[in-house]
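Dear colleague,

I am handing over the structure below, and my notes on the ligand site, a pocket and the backbone follow it. Please read them alongside the coordinates.

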Amino acid sequence: MTVIQDLEQGLTTQSLTADVCIIGAGPAGISLALELARARPDWHIVLTEAGGPQNASQTERDIYKVSLGDKSYGVLDVSRRRKLGGTTAHWGGWSKPLDDTDFEDNNAWDVPAWPITKQEVSSHIPRALKWTEIDSGDFHVNSIRKTHNGKLLPLRKDGAINEQLFRFSPPTRFGDKYYDELKAQDNLTCLLHANCYELVRDGDKVTSAKVRPLNGNTLEVNSQTFTLAMGGMETTRLLMNLRGDKSADGEGIYSDHLGRYFADHFGVRPGEILAPEGLKYSRFGDQSGPIMPVLTFAARDIRNNGEHNSCMMLQASAAPESLLAGYGGTKAAGFYASQYWHYSTQMIIEPRPNPTSTLTLTDERCALGLRRMKLDWQPHEDDFASAYRLFNALGDELGQTGLGRLNLSRPNSNSIRENVSGACHHLGTTRMAADSRDGVVDSNLKVFGQQNLYVASSSVFPRYGYSNPTLTIVALSVRLAQHLANKSEVAA
Ligand SMILES: Cc1cc2nc3c(=O)[nH]c(=O)nc-3n(C[C@H](O)[C@H](O)[C@H](O)COP(=O)(O)OP(=O)(O)OC[C@H]3O[C@@H](n4cnc5c(N)ncnc54)[C@H](O)[C@@H]3O)c2cc1C
């Protein structure tokens, strides 16, 4: 069997039969396809990818065109790629599993968090680390404390500030890295320039996916099971297109949750701190690979006070602000210039799931005939308020321990709130829930009300934390592969 076929070179057949058809070959789709093909050598897996190995043409990129509501989304054009390997052609490799509190409900919010435990995701993190080529799975700051003691603040155990640790993928470009493995997997067919534009349904069952190159004929993939792995926005769009003219008062593709809670991580830089020299709450090298400690709220404050799980990085800054200059080098205050540095703070904010932050369909259609989308991105006011409380909590900690001082140079304001830009993480619009009244997919990632339609994407995240999403996306794909492989009725 030829396992990688480029439909732009012409069709050799008009239909294919599969046990599982996966649509979209980014990190979610590629890891799912290869895990599944290896777990079930008796199955035929078809992976259909809209792009090819090269960068998309202007005509292909036009398919992603989205109109915007009142708020700009500065990263709109760069936040998605249409090529084999998906957006990992672009990603930075920042990686970290979600924290314990990310899986817990925030009582101040109106929607539940994850319907599965942290353990149900973290048991698949070791495989996800392999896919993303991260050598160490140790995400505990305490493990590096001895070796890098002077780079970390001596924080109080019961204080308001905690620390967490990021690691980094090289970053793995999934299209390049796994091309040969896709080609070598003889129970897997990977179709390139295979834009999925329609799912054919019989009642609550999808029977086939129609795919085609932009200027060519249709190939129909008949399959027992389908997984959408087209990235958070396109997956949501295909599901909304499936709804047709039916109303959004049902479940799954008819759920009012579909397209709501659109979120992306974003940052603010509230000000500067004066603190001991040599702190490294930014990326640096360790014998286990590059790492980055960050500062967060203590879990207690997230749980008891409904704080968001946001984080702070510090960057040594050459130009001290005036207030800090007053302290820096002031012998009486104890802050000797040679021993204290100025740092600017950069935060990554956990967005609160906000139902009025939406992707909706417009009447305009793209070259594939799919209705286009409008993005109305609305970060919640609470996102900022909580982030500034975290900044102040760091100030209190520095003050109480005598470790330093803080200067709020950019207070929370309309202008700060209006000018934030995203981090290219498309979260929340097909949220996972235990009950169809709270989300779009169930805890096995199956679309509610559909027999054989699944989603592999960060759009299923019901609570977002601050961790970049790809490691968790891949862990969820590994988990989904295991679920489908063990599900006997998937096979023909
Ligand atoms: C500049 C930048 C930096 C980033 N940095 C980080 C980082 O440091 N850490 C991190 O965790 N994340 C980062 N990300 C986000 C990361 O790239 C995404 O989380 C990840 O790629 C999502 O994986 P995915 O497989 O769900 O979607 P994608 O990677 O977007 O893949 C979706 C695939 O589906 C295909 N597709 C779309 N429509 C169709 C269709 N109709 N038919 C068939 N196929 C289709 C696309 O061509 C694409 O190949 C970054 C993103 C950007 C843009």
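**Ligand site**

The ligand is surrounded by 36 residues (a residue counts if one of its heavy atoms lies within 4 Å), and the closest are Glu 49, Thr 87, Trp 94, Cys 196 and Thr 470. Please note that this is a predicted model, in which local features need pLDDT of at least 70 and side-chain atom pairs count only at pLDDT 80 or more, while totals for chains, interfaces and linings use all residues. Residues are numbered from 1 along each chain as its sequence is written, and side-chain values use heavy atoms, with hydrogens and water left out.

Among the polar contacts (pairs of N or O atoms within 3.5 Å), a polar side-chain atom of Thr 87 lies 2.7 Å from an oxygen atom of the ligand, a polar backbone atom of Ala 50 is 3.1 Å from a ligand nitrogen, and an N or O atom in the side chain of Arg 82 is 3.5 Å from a nitrogen atom of the ligand. Of the 1000 Å² that the ligand exposes when taken alone, the protein buries 93% (Shrake-Rupley areas with a 1.4 Å probe). Helix H1 (27–39), strand S8 (195–202) and helix H13 (470–485) are the elements that give two or more residues to this shell, where helices (H or I, at least four residues) and strands (E, at least two) are DSSP runs numbered from the N terminus.

**Second largest pocket**

The second largest pocket holds about 880 Å³ of space; a pocket here is an open set of points on a 1 Å grid over the protein atoms alone, where a 1.4 Å probe fits, with protein on both sides within 12 Å along at least five of seven lines, and lining residues have an atom within 4 Å of a point. The volume is the space filled by probe spheres set on the points. Its lining has 39 residues, and the closest to the centre are His 140, Val 141, Asn 162, Glu 163 and Gln 164. Strand S6 gives the largest share of that lining, five residues. Because domain 1 (1–134 + 172–264 + 354–378 + 424–492) and domain 2 (136–168 + 266–349 + 380–419) both give residues to the lining, the pocket lies between them.

**Backbone**

A cis peptide bond, with omega about 15°, joins Pro 170 and Pro 171, and Pro 171 is in the loop between S6 and helix H6 (174–177).

Best regards

Key:
Domain bounds come from an automatic or database domain assignment. A polar contact is a pair of N or O atoms within 3.5 Å; within protein, one must be able to donate a hydrogen and the other to accept it, and residues adjacent in sequence count only if both atoms are side-chain atoms.
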